[in-house]
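Dear colleague,

Here is the structure for your files. Please open it first; my notes follow.

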Amino acid sequence: MLSLVVAEGPDRGAVFPLPPGEPQLIGRSSESLPLTDRRISRRHAELTPDGDRWLLRDLDSRNGTRLNGRLIDAVTPLAEGDRIQCGDTEFEVAPEDAPVRDRLGPMSDADEARLAAAGRAVASLSHSIKNILQALRGGADAVELALVRGELDLARQGWPIVARNLDRIHALALNLLAFAHDRPLDREPTLLPPMLREVGDLLRPAASRRGAELEIAIEADLPQPSLDLGAVHQALVNLVMNAIEAVPERRGRIRLGASRGPEAGVVTLFVEDNGPGLPAAVRQRGFEPFVSTKGQRGSGLGLAVSRRIAERHGGELRLEETYRNGSRFELRLPIEADDASDRTRGPLPRGEDDLGLEF
């Protein structure tokens, strides 16, 4: 079986097998090979199996498709060793078991650093997913045993474990999408009280499972800022979920609210808790992707994604240094939209540049 090896481009080193009988699409659409090269069209080129060979066809792409340096304008058969260029990406058609490193040649220090950082990120996410699945398995086993025995009390003990970890895997999936997905903001004037109440209603069961109280505190006569409702909703969910995991069991208190200021033209959404707070040594690093203060329970994406959402709105996410007996995170957002801040790219939180990931 053949494979496509990315020899040059943003995804250098990636390998895509070409399974017999399964056409493959090169592009940036959801059904294409997962590539990050922005010069590749959404539907750039197609590889189609034809017996024991593969055929290459350009799909009227913006920059064309080259085979061994020449633009193609018709369906063209491929052979082992051929080079396909789409955008800034160059593929080599290689046997499935070919040593990838030998085909790429020497890597630059920047490539080595990027691959090492990507490896650390994958390892971090793998540990997080593994821990969630282990907890789900334990809770599911308890519920299954209860069903076999017909013991409702035992099922009640196992279900909170399942529900809590379903919350965690759901939050992780949403944050991974936000971290990697490139989409412009969809702003509209937003009524803050309904949004905050919706976040409260969504997460109050998770707080209750920890024995924590979740209070909503909304200042009267708030303005209607121009926000991407879905993005800000996710940022608040991240902050409240962090608070739920931080507060002490059976005596936790969380306060989600909104107020004006502190300066004119700004609205502040805040989350307060009575947890231990972030140690001074990790307050800044806590906003970096894949850095977690929760040990094996955290993926390290929540704060990084929330800060990025704030920055894309032209605002900021702050940890209030003077707040005592817990933590207070403030999402400070401009009331009026700033077109200069409404963009899909911008300065990435420290640490993300090493991964070659884009928003």
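Is Arg 204 buried, exposed or partly exposed? Arg 204 is partly exposed, at 30% relative accessible area. The cut-offs are under 20% for buried, over 50% for exposed and in between for partly exposed (1.4 Å probe, protein chains only).

This is a predicted model: local features need pLDDT of at least 70, side-chain atom pairs count only at pLDDT 80 or more, and totals for chains, interfaces and linings use all residues. Residues are numbered from 1 along each chain as its sequence is written, and side-chain values use heavy atoms, without hydrogens or water.

Salt bridges: there are 18, each a side-chain nitrogen of Lys or Arg within 4 Å of a carboxyl oxygen of Asp or Glu. Arg 204 pairs with Asp 201 at 3.2 Å, N to O. Asp 201 is exposed, at 54%. Glu 330 and Arg 328 also pair, at 2.7 Å. Glu 330 is buried, at 7%, and Arg 328 is buried, at 14%. Both belong to one network of salt bridges with shared partners, which includes Glu 215, Arg 255 and Arg 332.

Nonpolar core (buried Ala, Val, Leu, Ile, Met, Phe, Trp, Tyr and Cys residues joined through side-chain atoms within 4.5 Å): the largest has 39 residues. Leu 236, Leu 269 and Leu 331 touch the most other members. Helix H5 (229–246) is one of the contributing elements, and H5 gives the most, with 10 residues. Helices are DSSP runs of H or I, at least four residues, numbered from the N terminus. Another core, of 19 residues, lies apart and includes Ile 40 and Phe 91.

Best regards

Definitions and conventions: Helix = DSSP H or I, 4+ residues; strand = E, 2+ residues; numbered from the N terminus.
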